[in-house]
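Here's a friendly walk through one protein model. Take a moment to turn it around on the screen, and then we'll look at its parts one by one.

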Amino acid sequence: SQVSFEEESQNPPAVGHWKPLMPSKGEKEEPESGCQDAGGVHEPQSTEQLNVSRLRSSSVEIREKGSEFLRDELHKAQKELKLKDKECERLSKVREQLEQELEELTASLFEEAHRMVREANTKQAAAEKQLRETRGKIDMLQAEVTALKTLVITSTPSSPNRELHPQLQSPSKAGFRKGHGRNKSTSSAMVSAASQNMAPEPVSRECKEVDSILFAEFQAWKESPTLDKSCSFLDRIYREDVGPCLDFTKQELSELVRVAVEQNTLTIEPVASQTVPVGKVAAEECGSPKKCALSGLPRTCKHRIMLGDSGSYYYISPSCRARITAVCNFFTYIRYIQQGLVRQDVELMYWEVMRLRREMSLAKLGFYPSEM
């Protein structure tokens, strides 16, 4: 048998046509040839049938394994899909919860913001009201300080001038007005003492009549008091009183004096028993105790003036001092009116202004107390 197997392996089977197992309809079964050999043709047919059966069984096995693999993959995909659905459902719930929390947080934030805005507006209104009240108090205190400084400057330790500005007192206590904002002399007290020592004279009744034009100008200025000389009230007084009263021979120095009076920076002080300081201006321009710096005439100068903080002193005669003092008294009084320190009727304030104008006119004409 071994020899026959080797022979069969050495001799390959004859190649022939495949024969279908079942003949088709159109074909006729051919009768098997009866002249076939006993061993040569029969053996190849058996081998072919065996191969076909093996192929069929392997294909069936492959299909079964493929189907089983696909079923396993399908089960796995279904399980993963269920897990994904559960995850999606969980994430949807988380999203809904976050949206709800976000809405609640937004609502609470808006409510808190509105509350903070209301509180801020309330605090701002209270702060603005307090600021207005504080500014009003500051303005009032500044006006009082200015008035007190003026009263202190116009007095001396040896002769305090307590009744220097009676316009700040009640009308019943108002007496003779004297002194000015930057005067450090004692002439006012001397005038007051001299007037008290004089013998009483019969009081003559003075008739007064309000000028309608002047009173209208003063009323218009009183509505909004200002130191701007462009208004009709001050413009008239500058032209008729202040300008002529401060018009001295030395024009350049006269202009400096006028500016210092307007700015309330003029200082007047007595020169008795004082050494002459070294000024910034030449001696002939400053004058001397025997020569007036404003008029240029030889006069006995009992007072000297300083313009601002220049450190330069100018000796002036009694007549020039009276003219400067009259103008300073007028400016001091209208400053008090502007600052709201004068509590009098409009007509009384008007007559006080007219009295101060009369003093400027008299000083310009050369009338002044002998004590100056």
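In what order do the elements of the protein run from the N terminus on? They go α-α-α-α-α-α-β-α-β-β-α-α. That gives nine helices and three strands in the protein. Helices here are DSSP runs of H or I with at least four residues, strands are runs of E with at least two, and both are numbered from the N terminus.

Before going on, keep in mind that this is a predicted model, where local features need pLDDT of at least 70, side-chain atom pairs count only at pLDDT 80 or more, and totals for chains, interfaces and linings use all residues. Residues are numbered from 1 along each chain as its sequence is written, and side-chain values use heavy atoms, with hydrogens and water left out.

How much of the protein is tucked away? Of the 372 residues, 27% are buried. Buried means under 20% relative accessible area, exposed means over 50%, and partly exposed is in between (1.4 Å probe, protein chains only).

A patch is built from residues with over 30% relative accessible area and no salt bridge, joining like charges within 9 Å and nonpolar side chains (Val, Leu, Ile, Met, Phe, Trp, Tyr) within 5 Å. The areas come from the Shrake-Rupley method with a 1.4 Å probe, and for residues only the protein chains shown count as cover.

One patch is negative, and E64, E68, D72, E73 and E80 form it. For the charges, Lys and Arg count as positive and Asp and Glu as negative, while His and the chain ends are not counted. Each charge is placed at NZ of Lys, CZ of Arg, CG of Asp or CD of Glu. D72 sits in helix 2, which covers residues 42-153, and D72 is partly exposed at 37% relative accessibility.

Helix 2 is also where you'll find L105. Together with L102 and L109, L105 makes a nonpolar surface patch with about 300 Å² of accessible area. L105 has a relative accessible area of 45%, so it counts as partly exposed.

**Salt bridges**

How many salt bridges does the count come to? The total is 14. The rule asks for a side-chain nitrogen of Lys or Arg within 4 Å of a carboxyl oxygen of Asp or Glu. Here are three of them:

| Pair | Closest N and O atoms |
|---|---|
| E87 and R90 | 2.5 Å |
| E255 and R258 | 2.2 Å |
| R304 and E269 | 2.8 Å |

R304 lies in strand 2 (residues 303-307) and E269 in strand 1, so this pair ties together parts that are 35 residues apart in sequence. R304 is buried, with a relative accessible area of 5%, and E269 is buried too, at 15%. Elsewhere, salt bridges with shared partners join E217, R236, E240, D241 and R357 into one network.

E87 and R90 are three residues apart in helix 2, so about one helical turn separates them. Both are partly exposed: E87 has a relative accessible area of 35%, and R90 comes in at 43%. In helix 6, E255 and R258 are also three residues apart, again about one helical turn. Here E255 is partly exposed at 40%, whereas R258 is buried at 17%.

**Aromatic rings**

A search of the whole structure turns up eight aromatic pairs. Rings of Phe, Tyr and Trp (its six-membered ring) pair if their centres lie within 6.5 Å; planes under 30 degrees apart are stacked, over 60 edge-to-face, and the rest tilted. Take F218 and Y350: their ring centres are 6.1 Å apart and their planes meet at 55°, so the pair is tilted. F218 belongs to helix 4 (residues 212-223) and Y350 to helix 9 (residues 346-365), so the pair ties together parts that are 132 residues apart in sequence. Both F218 and Y350 are buried.

Y350 also pairs with W351: the ring centres are 5.3 Å apart and the planes are at 65°, so this pair is edge-to-face. Y350 and W351 are both buried. One aromatic cluster takes in F215, F218, W221, F233, Y350 and W351.

Which residue has a positive phi although it is not a glycine? That's N264, with a phi of about 60°. N264 lies in the loop between helix 6 (251-262) and strand 1 (266-270), and N264 is partly exposed, with a relative accessible area of 25%.
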